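Student: I'd like to go through this model and ask where each label comes from. Can we take it step by step?

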Amino acid sequence: MLKKDRYKAFVEYFSTHNPDAQTELNYSNPFELLVAVILSAQCTDKRINQITPALFARFPDAESLAASSVDEVFTYIRSVSYPNNKAKHLVGMGQKLLNEFNGIVPEKIEDLVKLPGVGRKTANVISSVVYHNPAMAVDTHVFRVSNRLGLTSRATTPLAVEKQLVKYLPKETIAIAHHWLILHGRYICLARKPKCEQCPITYFCKYFEKTHQVKAVSKTLKQEIEL
């Protein structure tokens, strides 16, 4: 199957079966989403959603976060991964957001990445989810699934994956395609043991095509040896 056909099949399937895909992080405004995404690095959304209600109640805006201390923020996020570093990032983010952006979460990628704890992936999430820009955030799920499906080729870095996806996806689907890929990777196309037997899109999956053929050949060889 040609790459353009894989993209077409990918968009057609998920547009039909998951047209309203969105982040599983709980938030009520751009500031809360920014905090949640920073915390979610190398941590599950489920864990983040467990600790953010109390965190948001104590720090509802950049001003309150900026006026806090790393030690205090740590007490609210101690159960997430790398809490020490993330506490420092959050306080620094609040201060910079308040001092340089009047407490308003910026739209531009180049402004977002100036904030402590915000890399390109987080910036793309904010740009696409909050401001509905055609930005593609690449995390481990997006990286893995796009490669397995054959949407990317020889893309060895997140930026290379991002560029290929943005190039070939219809512009209006880029933001939601990020969620399609994440959710598929989170629940079906698992890293160690992908649930191919449950997957509804094996008909255009390059990984399935390859592994299925290998299994078929191995089975044939085994049968021939036994004969």
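What follows is a talk about the labels used for this predicted model.

Student: Let's start inside a helix. Why is leucine 90 called buried?

Tutor: Leucine 90 has 0% relative accessibility, and buried means under 20%, so leucine 90 counts as buried. Leucine 90 sits in helix 6, which runs over residues 83-101.

Student: What does leucine 90 touch, leaving out residues up to four places away in sequence?

Tutor: Val35, Ile38, Leu39, Leu65, Val73 and Ile77. To be called a contact, heavy atoms have to come within 4.5 Å. As for serine 68, its C-alpha atom is 9.8 Å from that of leucine 90, and 22 residues separate the two along the chain.

Student: What makes tyrosine 82 stand out in its backbone?

Tutor: Tyrosine 82 has a positive phi, about 50 degrees, although it is not a glycine. Tyrosine 82 belongs to the loop between helix 5 (70-77) and helix 6.

Student: And why is tyrosine 82 called partly exposed?

Tutor: Its relative accessibility is 49%. Exposed takes over 50% and buried takes under 20%, so tyrosine 82 counts as partly exposed.

Student: Which label does histidine 132 get, buried or exposed?

Tutor: Exposed: the relative accessible area of histidine 132 is 65%, and the cut-off is over 50%. Histidine 132 also has a positive phi, near 60 degrees, in a residue other than glycine. You'll find histidine 132 in the loop between helix 8 and helix 9.

Student: Now the bigger picture. How is the protein chain divided into domains?

Tutor: Domain 1 is made of 3-21 + 137-212, and domain 2 covers 30-131. Their C-alpha centres lie 28 Å apart.

Student: How do you know that domain 1 and domain 2 are in contact?

Tutor: With heavy atoms within 4.5 Å as the test, 9 residues of domain 1 are in contact with 7 residues of domain 2. The area buried between the two is about 580 Å², and carbon and sulfur atoms give 56% of that. Ala137, Glu162 and Arg186 supply 53% of the area that domain 1 buries against domain 2, more than any other three residues.

Student: Why quote an area at all?

Tutor: The size of an interface is often given as the accessible area lost when the parts come together.

Student: What makes the pair of glutamate 162 and arginine 120 a salt bridge?

Tutor: Their closest N and O atoms are 2.8 Å apart. The limit is 4 Å, between a side-chain nitrogen of Lys or Arg and a carboxyl oxygen of Asp or Glu, so the pair qualifies. Across the interface of domain 1 and domain 2, the rule finds 2 salt bridges, along with 3 residue pairs in polar contact. On the side of domain 1 that touches domain 2, helix 10 (158-168) and helix 11 (174-187) are the elements that give two or more residues.

Student: Which residues of helix 10 are buried, and what covers them?

Tutor: Val161, Glu162, Gln164 and Leu165 are the buried ones. Their cover includes helix 1 (3-17), helix 8 (120-129), helix 9 (140-149) and helix 11.

Student: What does UniProt list for residues 39-187?

Tutor: An unreviewed UniProt entry lists "domain: HhH-GPD" there. Over residues 39-187 the chain is 64% helix and 0% strand, with the end C-alpha atoms 21 Å apart.

Definitions and conventions:
Residues numbered from 1 in each chain as written. Predicted model: local features only at pLDDT ≥ 70, side-chain atom pairs only at ≥ 80, totals over all residues. Heavy atoms only, no water. Helix = DSSP H or I, 4+ residues; strand = E, 2+ residues; numbered from the N terminus. Buried < 20%, exposed > 50% of the residue type's maximum accessible area, 1.4 Å probe, protein only. UniProt positions renumbered as here; feature names shortened; annotations may be inferred. Domains from an automatic or database assignment. Buried area = accessible area lost by both parts, 1.4 Å probe. Polar contact = N/O pair within 3.5 Å; in protein donor to acceptor, adjacent residues only side chain to side chain.
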